[in-house]
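Please examine the sequence together with the structure shown below.

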Amino acid sequence: MDYKLISRPIPGKPELPVKFYASIVRPKNVSLDMLAKRISEVSPVNELDTQTALVAFTKILPEFLKEGATVELGDLGRFRVNISSDGAESEEDFKKEMIKSNKISYQASVKVKKEMKNVEYTKVQ
């Protein structure tokens with residue numbers, strides 16, 4: 001996975017010098033069509049094989065995420081990876097070992113967000 005360094009001030013301490021943090025370079029967005037093509041390469045999917053397609057999807061999703069790609073799922077939304085790193089005093093001081101972790105995040109589409117505004121909440125005991 002590729003990353004770049006970005007400089008950021010320390011939150012709440014603007015008087016201190018900025019530090020450099022790792023940020024993923026996202027090489028491409030993976031469209032629903034690209035996912036469908038890839039799924040067809042690993043599974044004999046037809047309209048009735050929805051479950052098979054979903055199982056294949058769980059095998060393929062990590063491949064794209066490991067590349068740093070954003071995986072777009074049409075009206076569903078998108079998955080992507082974010083990384084966390086320690087800061088360095090300069091770009092030259094940054095070592096890839098300073099990357100502490102990665103986290104997969106999901107961003108809902110406008111359509112899903114709109115639908116989620118209609119959620120009704122019920123208190124249970």
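Predicted model: local features only at pLDDT ≥ 70, side-chain atom pairs only at ≥ 80, totals over all residues.

Residues are numbered from 1 along each chain as its sequence is written, and side-chain values use heavy atoms, with hydrogens and water left out.

Helices (H or I, at least four residues) and strands (E, at least two) are DSSP runs numbered from the N terminus. Helix 2 covers residues 50-66, 17 residues in all. From its first C-alpha to its last, helix 2 reaches 25 Å, close to the 24 Å expected at 1.5 Å a residue; the expected span is 1.5 Å times one less than the number of residues. Helix 2 has a kink of about 30° at threonine 58, shortly before proline 62. The bend at a residue is the angle between axes fitted to the seven residues ending there and the seven starting there. After helix 2 comes glycine 68, with a positive phi near 90°.

Which residues of helix 2 are buried? They are Ala53, Ala56, Phe57, Ile60, Leu61, Phe64 and Leu65. Here buried means under 20% relative accessible area, exposed means over 50%, and partly exposed lies in between (1.4 Å probe, protein chains only). An α-helix has 3.6 residues a turn, so residues three or four places apart point the same way. The buried residues of helix 2 pack against helix 1 (32-42) and against strand 3 (29-30), strand 4 (70-72), strand 5 (77-85) and strand 6 (99-108).

The discussion now turns to charged pairs. A salt bridge is a side-chain nitrogen of Lys or Arg within 4 Å of a carboxyl oxygen of Asp or Glu, and by this rule the count comes to 5. One of them joins glutamate 67 to lysine 28, with the closest N and O atoms 3.7 Å apart. This pair links distant parts of the chain, 39 residues apart: glutamate 67 is in the loop between helix 2 and strand 4, and lysine 28 is in the loop between strand 2 (19-24) and strand 3. Glutamate 67 counts as partly exposed because its relative accessibility is 39%; lysine 28 counts as partly exposed at 33%.

Lysine 111 forms a salt bridge with aspartate 75, the closest N and O atoms being 3.5 Å apart. Lysine 111 lies in helix 3 and aspartate 75 in the loop between strand 4 and strand 5, so this pair ties together parts 36 residues apart in sequence.

Strand 5 contains isoleucine 83. Leaving out residues up to four places away in sequence, isoleucine 83 touches Met1, Tyr3, Ala22, Ser23, Ile24, Ile99, Ser101 and Asn102, where contact means heavy atoms within 4.5 Å. Serine 101 is found in strand 6. With neighbours within four places set aside, serine 101 is in contact with Asn82, Ile83 and Ser84. Serine 101 is partly exposed because its relative accessible area is 38%.

Finally, Met116, Val119 and Tyr121 form a nonpolar surface patch with about 370 Å² of accessible area together. Patches are made of residues with over 30% relative accessible area and no salt bridge; like charges are joined within 9 Å, and nonpolar side chains (Val, Leu, Ile, Met, Phe, Trp, Tyr) within 5 Å. Accessible areas come from the Shrake-Rupley method with a 1.4 Å probe, and for residues only the protein chains shown count as cover. Tyrosine 121 is in the segment after helix 3 (110-116), and tyrosine 121 is exposed, with a relative accessible area of 75%.
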